[in-house]
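Thank you all for coming; I would like to walk you through a few places in one structure. Please have the sequence and the model open as we go.

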Amino acid sequence: MENATIAAIATPIGRGGIGIVKISGKDAFSIAESIFKKSGAVTSDSGKKREPSFASLKSHRLYHGYIVDEGKGTVLDEVLLSVMVAPRTYTTEDIVEINTHSGPVVLSAILDLVLKKGGKLAEPGEFTKRAYLNGRIDLTQAEAVIDIINSKTEKSLEIAASHIKGGLKKKIETIRGVLLDILVETETAIDFCDDAGDVFNSEKTIEMLERVIIDDLKGLIEKYENAHVLRDGLKMVVVGRPNVGKSSLMNRLIQEDRAIVTPIPGTTRDLIEETLNIHGIPVIIADTAGLHETDDPVEVIGIEKTQEYISDSDLILFMVDASDPLTVEDENIYKIISNKRLILVINKWDLVKDDFKLDIPESWNTLPQIKISALYGRGMSELKDLIANLSIGEYGIEVQNKIIPNLRHKTALERTLQVCVSAVEEIRKETSFEFIAIDIKEAMDSLGEIIGDTAKDDVIDQIFSRFCIGTVSYTHLTLPTN
Ligand code: GDP
């Protein structure tokens, strides 16, 4: 039923000024016409008042009127209705948006009416999926829509916004264009094998592959490594023996820097996570149990979860107490976390003199260090600078117009890079042109997956399942039954 007309409540469910029911598809106008009574009837030639025909409404305009359930003879709400004629619309199909007052009952009653008139309830992300399937946007732009919705800081929003403008898509298309040129030359060489040397210039092709394509691919992969935390968030955890001040630091950070985020279903883990905004980086911090030895079964579970969280984390704040000599426990904790990226946080600096030097094992000297007082908030801005510097370095300064791939893109870029490197080797070894062509085609396909040209259905489904509007919000409602 790919061509069914779909409908959904497009705004969050709750009480508020405006809620929107969105309808897209070939029957959008006829469905809307059957439930909408436009205000200000026009005078006909015979002098009688009559409803204006829906077809006479202009595209991309708002019309005032009422949603009427004719079956029951009731008016459901006073609304503004927008009419958008295909193809200059979000989905490239005819679209009607009904701006109603926002309340769970009124929104679901109007949606219910739309469904009774022939609309099909949209699946999560289906409007954007249609925009993609109908060729208005590519897969990276569709992903940017979700990233914009889920942005945790202004910097993550900037990255998503540069993707929605098609920044990554253009870059991928340019690289694919160069690969296509190489493929054409390679296939021509296959066809004219006797004069292959005239049509295929090995040196020039290697130069193109190495200087243009491989360098570009490496650059993009590097950007992911360096800056993906701006979009995906940096997972950070405070680790240390009991009473060093972990909770005090967490509370202070949460108080000072909590990001404006609403919990996203499916992302909450067993531990309570908070998102901080540290110099634009969404930092996800968890309230973890300690790492000490214990026989208490409940504590054991907590400690196992902490260990799991530690192994997933991008950065660990390893906290020790300046007012108390280090113990074996501190050293044991260090052994568990020493393979991770660490900052040694020396807390309770207010209890010692400024020129105090804590006696630490020699192997810790290479760790970035910071002295703080979580209790009095001292050293906090230096700590945040250090967290930002260690996580994104130069990328923290300016991300405008920077195209930063996500994990899915990076995986495909790595595959492309691998086959391009192998193509260079094939050319150097003067292998048959058929093998070179296979590599180039494979590289083009991998890039095609990023923008969606060659993406498999399950990848596409998985991307759109990340949307949570549409069916999900609707099924949580109790619909009026009559
Ligand atoms: P946790 O067990 O590591 O989470 O430690 P807490 O945050 O619960 O702190 C343990 C004790 O140390 C509490 O009494 C805190 O008030 C105190 N504390 C934490 N940070 C500081 C600090 O920077 N200076 C001082 N003087 N006391 C602190």
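Predicted model: local features only at pLDDT ≥ 70, side-chain atom pairs only at ≥ 80, totals over all residues.

The side chain of E126 makes a polar contact with the side chain of K120, at 3.5 Å, where a polar contact is a pair of N or O atoms within 3.5 Å, one of which, within protein, must be able to donate a hydrogen and the other to accept it, and residues adjacent in sequence count only if both atoms are side-chain atoms. Residues are numbered from 1 along each chain as its sequence is written, and side-chain values use heavy atoms, with hydrogens and water left out.

E126 is found in helix α3, residues 126-133; helices (H or I, at least four residues) and strands (E, at least two) are DSSP runs, numbered from the N terminus. Is E126 buried or exposed? Its relative accessibility is 8%, so E126 counts as buried, given that buried means under 20% relative accessible area, exposed over 50%, and partly exposed in between, with a 1.4 Å probe and protein chains only.

Turning to strand β8, residues 95-102, seven of its eight residues are buried, so the strand is largely enclosed by the rest of the structure. Strand β2, residues 16-24, runs antiparallel to β8 and is joined to it by eight bridges, with I98 of β8 as the bridge partner of V21.

Finally, R428 lies in helix α13, residues 407-428, and is exposed, with a relative accessible area of 52%.

Note on methods:
Pairing = 2+ DSSP bridges.
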